[in-house]
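Hi,

Here is the structure I promised to pass on to you. Have a look at it first, and then read on for what turned up.

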Amino acid sequence: MNTRELHIALLDDLEDLFKDRPFKTPHNTMETPKTYPQELPPEDARSEEDPFPYIIVRLDQGGVDTPTDPHKARVILVIGIYDDGTVDFRKPPPEDGEWDNRNFGTMAVLEVIERIQEHYEKRPALCGGKFYFDGPFHWALQDENSFPYYYGACDLTFTLAAPRKERSNFV
């Protein structure tokens, strides 16, 4: 197994994980987070497309320390959430059918991070065990105000099967 296959597996797995959880968009709609490999697509000045909400699956680094160690791959997930609400998230939600404009930006980013952490801690194997999350898991939130855009990231390490030295029948 290789890191390219891990990359594809993570993109698909995260889309499936959030298929039932929409977040606000800059176009006043609710959509599930899109996943992107490595970075956001290039911007086109003529387009009104906005990638929020999103999760970028970024392969960061990896390797094999010794010939008998497994291949480790570090993955960074960058989360982008849009929220233009102005009401305190601690207040009760609006009545059914009303637009929820409470400011959940940071809380939504934390929800995504916590959901990812719980998911991989409960189900660490991907692709029938070809890839395995075995920690560590770290996360961080942005440290500057960028209202109405909110960001966070988490850092995970997966184990992949590493190729082994072929043995000769004559040795």
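A residue counts as buried under 20% relative accessible area, as exposed over 50%, and as partly exposed in between. With a relative accessible area of 26%, Arg 74 is therefore partly exposed. Please keep in mind that this is a predicted model.

First, the overall picture. The protein chain has two helices and eight strands, running α-β-β-β-β-β-α-β-β-β from the N terminus. Of its 171 residues, 36% count as buried. The chain exposes about 10,800 Å², with carbon and sulfur atoms supplying 50% of that area.

Now to the salt bridges: the whole structure holds ten. One of them joins Arg 74 to Asp 60, at 2.8 Å from N to O. Asp 60 lies in strand β4 and Arg 74 in strand β5, so this pair ties together parts that are 14 residues apart in sequence. Asp 60 is partly exposed too, at 36%.

Another links Glu 111 and Arg 21, whose closest N and O atoms are 2.8 Å apart. Glu 111 belongs to helix α2 and Arg 21 to the loop between α1 and β1, so the parts tied together here are 90 residues apart in sequence. Glu 111 is partly exposed at 27% relative accessibility, and Arg 21 is partly exposed at 24%.

Within helix α2, Lys 122 and Glu 118 are four residues apart, or about one helical turn, and they form a salt bridge at 2.9 Å. Lys 122 counts as exposed at 55%, whereas Glu 118 is partly exposed at 44%. Finally, salt bridges with shared partners join Lys 24, Asp 83 and Asp 84 into one network.

Best wishes

Technical notes:
Residues numbered from 1 in each chain as written. Predicted model: local features only at pLDDT ≥ 70, side-chain atom pairs only at ≥ 80, totals over all residues. Heavy atoms only, no water. Buried < 20%, exposed > 50% of the residue type's maximum accessible area, 1.4 Å probe, protein only. Areas by Shrake-Rupley, 256 points an atom, 1.4 Å probe, with all protein chains shown as cover. Salt bridge = Lys/Arg side-chain N within 4 Å of Asp/Glu carboxyl O.
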